[in-house]
Amino acid sequence: MKPRRRDESGSALVEFVWLGILLLVPLVWIIVSVFEVQRGAFAVSAAARAAGRAYALAPDDETGMARARTVARQTLDDQGADEMPLRVRVTCTTGRGHCHDGTSLITVEISSGIDLPLFPEALKDGQTSFALDARHTVPVGQYIQAGP
């Protein structure tokens, strides 16, 4: 007596669907994560540019720092990155307190980070965010009007 063979019609489709789901979900997560990090990188870069201009256009260093922080936060918010932390650091070639001298170069550094989206809670023991930094240098003389 011959052993009876099981009918396997349709099982390839079931296997294909399950393997597709198992491979597709991580792939979609990776793509979404890459897009989120790229969005954060663009936002931090735009914040550094805007903060540099705001600092250079301010009448003094104290006002410049306040404006740089405000503009950097607003730029992140405009880019949809309002949940990102923000640290603004300003340095200049002529030294603290003299950043608005005509020959000064102002460098604004923005430090931030972005959390990976939809990261499983069970795996959050490790690093779940990317650090993002941007730097923009502005010559003060570019924004100062020359005499008559």
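Reply: Helices here are DSSP runs of H or I with at least four residues, numbered from the N terminus. By that rule, Asp61 sits in helix H2, which covers residues 61–78. Keep in mind that this is a predicted model, and that goes for everything below.

Let's stay with Asp61 for a bit. Is its side chain buried or exposed? The relative accessibility of Asp61 comes out at 16%, and the cut-off for buried is under 20%, so Asp61 counts as buried. As for a partner, the side chain of Asp61 makes a polar contact of 3.5 Å with the side chain of Tyr55.

Which residues touch Asp61 once you set aside its neighbours within four places in sequence? Tyr55 is on that list, and so are Arg96, Gly97, His98, Cys99 and His100.

The structure holds 1 disulfide. Its torsion about the S-S bond is about -75 degrees, so the Cys92 and Cys99 link is left-handed. Both cysteines, Cys92 and Cys99, are buried.

Now for the charged pairs elsewhere. A search of the whole structure turns up 5 salt bridges; here is a look at some of them. In one, the side chains of Glu109 and Arg89 meet at 3.1 Å, N to O. Glu109 belongs to strand S2 (residues 105–115) and Arg89 to strand S1, so this pair ties together parts that are 20 residues apart in sequence. The two ends have their own accessibility labels: Glu109 is buried, with a relative accessible area of 16%, whereas Arg89 counts as partly exposed at 38%.

Another group is a network of salt bridges linking Glu36, Arg39 and Glu83. Within it, Glu36 and Arg39 meet at 2.6 Å, N to O. These two both lie in helix H1, 3 residues apart, which is about one turn of the helix. Glu36 is partly exposed, with a relative accessible area of 23%, and Arg39 is partly exposed too, at 22%. The other link runs from Arg39 to Glu83, where the closest N and O atoms are 3.7 Å apart. Since Arg39 is in helix H1 and Glu83 is in the loop between H2 and strand S1 (87–92), that pair ties together parts that are 44 residues apart in sequence.

One last stop, back on H1. Helix H1 spans residues 11–57, and Phe35 is part of it. What kind of surface patch does Phe35 belong to? The patch is a nonpolar one, made of Leu24, Leu27, Val28, Ile30, Ile31, Val32, Val34 and Phe35, and together these have about 720 Å² of accessible area. Phe35 has 59% relative accessibility, which is why Phe35 counts as exposed.

Definitions and conventions: Residues numbered from 1 in each chain as written. Predicted model: local features only at pLDDT ≥ 70, side-chain atom pairs only at ≥ 80, totals over all residues. Heavy atoms only, no water. Patch = residues over 30% accessible without salt bridge, like charges linked within 9 Å, V, L, I, M, F, W, Y side chains within 5 Å. Areas by Shrake-Rupley, 256 points an atom, 1.4 Å probe, with all protein chains shown as cover. Salt bridge = Lys/Arg side-chain N within 4 Å of Asp/Glu carboxyl O. Buried < 20%, exposed > 50% of the residue type's maximum accessible area, 1.4 Å probe, protein only. Disulfide = S-S within 2.5 Å. Polar contact = N/O pair within 3.5 Å; in protein donor to acceptor, adjacent residues only side chain to side chain. Contact = heavy atoms within 4.5 Å.
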